[in-house]
Amino acid sequence: MNRRPTLDQWIRNKINGSKPFGLRELAAYQLNMINQTLEHACRNSLHYRTRIGNRQLSSLTQMNELPFTIPGDLQADPYSMLCVHPNEIARIVTLNTSGSTGPSKRVFFTEEDLELCRDFFHYGMQCLVSEADTVGILFPHETPASVGDQLIKGLARFGCAAVPLYSLSLEDIVLKIEKHRITSLAGMPGQVSLLAEKFPQCSSVKTVLLSADFVSDKVRETIAKAWGSEVFEHYGMTEMGLGCGVSCEHQQGYHVREADLYLEIIDPISGQPLPDGEWGEIVFTSLTRVGMPFIRYRTGDISRWKNEQCPCGSTLRLLDYIKDRNVIKRLPLRYEG
Ligand SMILES: [Zn+2]
């Protein structure tokens with residue numbers, strides 16, 4: 001199936017409308033937004049003011065002169081990273097850090113920040129579904145602005161129906177798939193592949209979006225073999241505002257929401273930036289977040305910018321599929337910003 005590279009168009013519209021658009025224009029936009037984020041963060045947050053001071057960049061190559069933000073900062077004193085009055089916060093997400101006895105990480109969002117996520121889901125989901133589809137949502141949806149809720153709202157914006165399936169038994173999910181003629185499923189890899197393995201009759205499911213966990217080849221094969229579905233992947237984390245990138249029908253890696261996030265790939269040991277094509281840790285900077293901006297946040301996830309362009313015609317770089325997660329915990333050193 002040949003779908004339009006709608007994410008490129010969306011990013012282009014966010015950056016400069018109908019003017020020329022390519023890597024150079026994107027870099028100029030990102031530098032400008034990084035400087036706006038630095039100004040906002042250093043003026044309004046104690047954490048960034050203490051760590052960075054009053055700093056502006058003249059080139060993206062100066063990014064590695066800024067200190068990292070690490071998950072421990074979100075545990076130690078998340079309020080010091082807040083850039084608005086607490087009354088302006090619409091949602092706080094508390095993340096339990098697995099294997100750690102320390103305090104939980106807390107991430108704050110204003111209504112404006114939450115809208116950025118819905119906007120990404122609105123365009124990102126069009127990589128795999130259209131208004132003719134009905135999407136079964138296996139993620140939690142009951143809390144306002146939870147992943148499932150944001151996804152349902154993003155889909156509604158282009159007239160795509162969604163059916164919440166969270167917390168149902170596998171048997172009940174199958175009944176709903178049949179009843180609502182569900183053509184696409186969004187969920188975690190383990191759950192969707194188990195469903196495919198046990199209920200191969202759900203062949204109305206033409207596309208699947210997997211997110212929130214590592215996707216193995218076996219998972220892809222199980223789903224493709226059982227249902228004949230096209231398997232798409234989403235990569236993101238709460239700190240990124242839930243979403244980061246989504247694969248297109250060519251399944252070569254992720255198209256990244258580069259108008260909202262600036263990604264670097266660094267050597268996880270030395271902390272130094274790596275050239276395109278080399279595997280390293282993803283570090284991101286938020287470009288448009290208001291409540292709690294992130295500057296050079298270490299994700300612990302391993303990927304690379306691919307040297308090849310995607311056959312879909314996107315002019316932007318492709319982020320390869322995540323190869324490893326939580327690398328920070330296994331490294332024999334302490335991270336300092
Ligand atoms: Zn593509």
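In strand E9, Val256 is the bridge partner of Gly245, and E8 and E9 pair in the antiparallel sense over two bridges, where two strands count as paired if DSSP finds at least two bridges between them. Helices (H or I, at least four residues) and strands (E, at least two) are DSSP runs, numbered from the N terminus. The model is predicted, with local features requiring pLDDT of at least 70 and side-chain atom pairs counted only at pLDDT 80 or more, while totals for chains, interfaces and linings use all residues. Residues are numbered from 1 along each chain as its sequence is written, and side-chain values use heavy atoms, with hydrogens and water left out.

E8 and E9 belong to an open sheet of eight strands with mixed pairing, in the order E4-E3-E5-E6-E7-E8-E9-E13. Strand E4 (161–164) and strand E13 (318–319) stand at the edges with a single partner strand each, so one side of each is left without a neighbour in the sheet.

Strands E8 (245–246) and E9 (254–256) are also among the elements that cover the buried residues of helix H1, together with helix H2 (23–44) and helix H5 (111–124), contact meaning heavy atoms within 4.5 Å. Within H1 (residues 6–16), the buried residues include Trp10, Ile11 and Ile15, where buried means under 20% relative accessible area, exposed over 50% and partly exposed in between (1.4 Å probe, protein chains only). Gly17, which follows H1, has a positive phi near 60 degrees.

The zinc ion has as protein donors Cys248 (SG), His255 (NE2), Cys310 (SG) and Cys312 (SG), at 2.1 to 2.4 Å; donors are N, O and S atoms within 2.8 Å of the metal (3.2 Å for Na, K and Ca), and water is not among the atoms, so sites may look incomplete. The angles among the four donor atoms run from 104 to 119 degrees, and the site is tetrahedral, a class that for four donors requires all angles to lie between 85 and 135 degrees. The donor spacing in sequence is C-x6-H-x54-C-x1-C, and both Cys310 and Cys312 are buried.

Two spaces in the model are set out below.

| Space | Volume | Lining includes |
|---|---|---|
| Second largest pocket | about 340 Å³ | Leu60, Tyr262, Leu263, Glu264, Arg317 |
| Second largest cavity | about 80 Å³ | Ser211, Phe214, His234, Tyr254, Arg325 |

On a 1 Å grid over the protein atoms alone, a cavity is a set of points where a 1.4 Å probe fits but cannot get out, and a pocket is an open set with protein on both sides within 12 Å along at least five of seven lines; lining residues have an atom within 4 Å of a point. Grid points are joined across faces, edges and corners, and a volume is the space filled by probe spheres set on the points. Strand E7 (residues 230–235) gives the largest share of the cavity lining, three residues.

Terms used. Four donors count as tetrahedral if all angles lie between 85 and 135 degrees; four count as square planar and six as octahedral if opposite donors are over 155 degrees apart and all others between 65 and 115; anything else is irregular.
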